[in-house]
Every structure is written in structure tokens, then in C-alpha cells.
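Me: I have a structure open and would like to talk it through with you. Could you take my questions one at a time?

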Amino acid sequence: MVIDIAIVSLAISGALATYRVLRGPTWGDRVTAFDYLTVNLAVMVVVVALRTGFTPLLDAALIISILGFLSTVALARYLLRGRVMR
Amino acid sequence: MTTARRLGRRLAALAALAGGGMAAAAGPERAPSALDGHPVAQALVLLGCVFLLAAAVGLVRFPDVYTRLHAATKLVTLGGLGIFAGAAIAFYPMDGTPRVLLIAAFFFLTAPLSGYMIARSAYLRGLPWYQEDGSVDDWQALGSEAQASAQES
């Protein structure tokens, strides 16, 4: 019961952040909401692992959080300087 | 059949499916989750979900980039704390606890850092912020210096 409430509220959060990604007036809003979406996806995978008891999903959550952090940093650096690294 | 009527029929089928899912979830033959029988873990997961939902509401409702960043990095760090701690407690008899703690440690290292990177590039590229009467940019004197150092490094 608790975990169903958790999954539904995470889905609503993802929908709200997707609205901000699509609507966002500037690129900063879009990058912020995209960062939030990756974190939300990792947390949702952890919650699904809790629901099913299938612990290998936790590896997927770790990979998702690493990729989300790297893509956010790369986007921020690209938008600041026009290149990711020299 | 018109498009509107077809859409209405599909929505009715979807509502019936959701109702069936709810009834099945309330039934006795529901698969047990790892969270059953851990009231502390359930409370922590619910708290984390409340904070993540508040972060999403702030992301929609706040007026500019910087306030949205405030919502989407601080609240997300606290919400991730709740959910990962709850998962670590609930997975304790199984083999998932060290991996959940690894995810939590990585998350705490990187979530404020990504927020910092976004805020830095947004300020240095001069994105507009929400202003009222009496709003002051405290960093305006430092702006040119900061931009010069950002161009160098």
C-alpha cells in the first residue's frame, strides 16, 4: 500500500518535471528539470526494486544516476562555453 | 465512428483497467514487497516521496531558473536521503543494502554539484531572474571578474 502511494507520487512528480522540460522559458529551466528527471528515474527504479524484491535493479539505478550526473555536467559546461572539455 | 467517440471508449476501457488493477491490488493474493513489515522504512520512503513531490511542484510553480534550482536540488537531496535510507533498511536481510548505500553516497556527492554547475553557467551566461522592488544583484560588481575567470579556465 505504502509503496503504491510512493510509485504514484513519483509518477506525478515526473509528469510535472516533464511539463517544465517542455515548457521551460530558458535552457536553464530545461537542464534543471532534466536533472530532476534523471534523479526521479533512479529513485523510481529503487522503489520498483523494493516492490518486486529483485535486487539486480539496484545496479541499473546506480548506472542511471551516474549517467544523469555526467550528462548534466556536460550540458552545463557546453552551455557555458560552447565546448565540453578542451 | 467519430474520433471523439473512439477516444471516449478508449478512456472508459482504461478506467475499467485501472479499477481492475486497484481491485486486484486490494485482494488477498498480492505479491509481498520487500517493504512489508518495516514501518520505519515505510515512513522514510513516504517522507522521501513527499519531498520529491514538493520539489516537482516547486519546479512548476517558481518564477525563474534560480528558485527552480533551489527547489530541484535541495529538496531532491533530502528526498533521496529518505528513499535510500528506507530501501537500505528494507533490504537489510537481503543482499541489496551495500548497493543502496553506494547509490546514496554517489547521489550525495553529485546532486549538489550538478546544481552548482547549472547555477554557475546560468548566472555567467546572464539568464534573467525574478525581480521585485528593491531586488539587488550582490554579485554585479564581481560579474565581469567572474566572467573573465570563467573564460580563462
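Me: For helix α2 of chain A, how far apart are the end C-alpha atoms, and what span should its residues give?
Reply: Happy to start there; keep in mind that this is a predicted model. Helix α2 of chain A covers residues 27-52, which is 26 residues, and at 1.5 Å a residue they should span 38 Å. The distance found between the end C-alpha atoms agrees with that, at 37 Å.

Me: Which residue follows α2(A), and what is its phi?
Reply: The residue after α2(A) is A:Gly53. Its phi is positive, near 70°.

Me: Which residue of chain B forms a salt bridge with A:Asp29, and how far apart are the closest N and O atoms?
Reply: The structure holds 3 salt bridges over all chains. A:Asp29 sits in helix α2 of chain A and its partner in helix α3 of chain B, so this pair joins two chains. The count between chain B and chain A is 2 salt bridges. The partner is B:Arg68, and the closest N and O atoms are 2.7 Å apart.

Me: Which element gives the most residues to the side of chain B that touches chain A?
Reply: Between the two chains there are 10 residue pairs in polar contact, both at pLDDT 80 or more. On chain B, the elements that give two or more residues to the side touching chain A are α2 (39-61), α3 (65-90), α4 (97-124) and α5 (140-152). With 15 residues, the one that gives the most is α4(B).

Me: How do the residues on that side of chain B divide into nonpolar, polar and charged?
Reply: In contact are 51 residues of chain B and 49 residues of chain A. The area buried between them is about 4,400 Å², with carbon and sulfur atoms giving 73%. On the chain B side, the division is 36 nonpolar, 7 polar and 8 charged.

Me: What kind of aromatic pair do A:Phe69 and B:Phe106 form?
Reply: A search of the whole structure finds 5 aromatic pairs over all chains. This one crosses between chains, from helix α3 (residues 57-81) of chain A to helix α4 of chain B. With 6.3 Å centre to centre and 90° between the planes, the pair is edge-to-face.

Technical notes. Residues numbered from 1 in each chain as written. Chains lettered and ligands numbered in written order. Predicted model: local features only at pLDDT ≥ 70, side-chain atom pairs only at ≥ 80, totals over all residues. Heavy atoms only, no water. Contact = heavy atoms within 4.5 Å. Buried area = accessible area lost by both parts, 1.4 Å probe. Salt bridge = Lys/Arg side-chain N within 4 Å of Asp/Glu carboxyl O. Polar contact = N/O pair within 3.5 Å; in protein donor to acceptor, adjacent residues only side chain to side chain. Helix = DSSP H or I, 4+ residues; strand = E, 2+ residues; numbered from the N terminus. Nonpolar A, V, L, I, M, F, W, Y, C, P; charged D, E, K, R; others polar. Expected span 1.5 Å × (residues − 1). Phe/Tyr/Trp six-rings, centres within 6.5 Å; stacked < 30°, edge-to-face > 60°.
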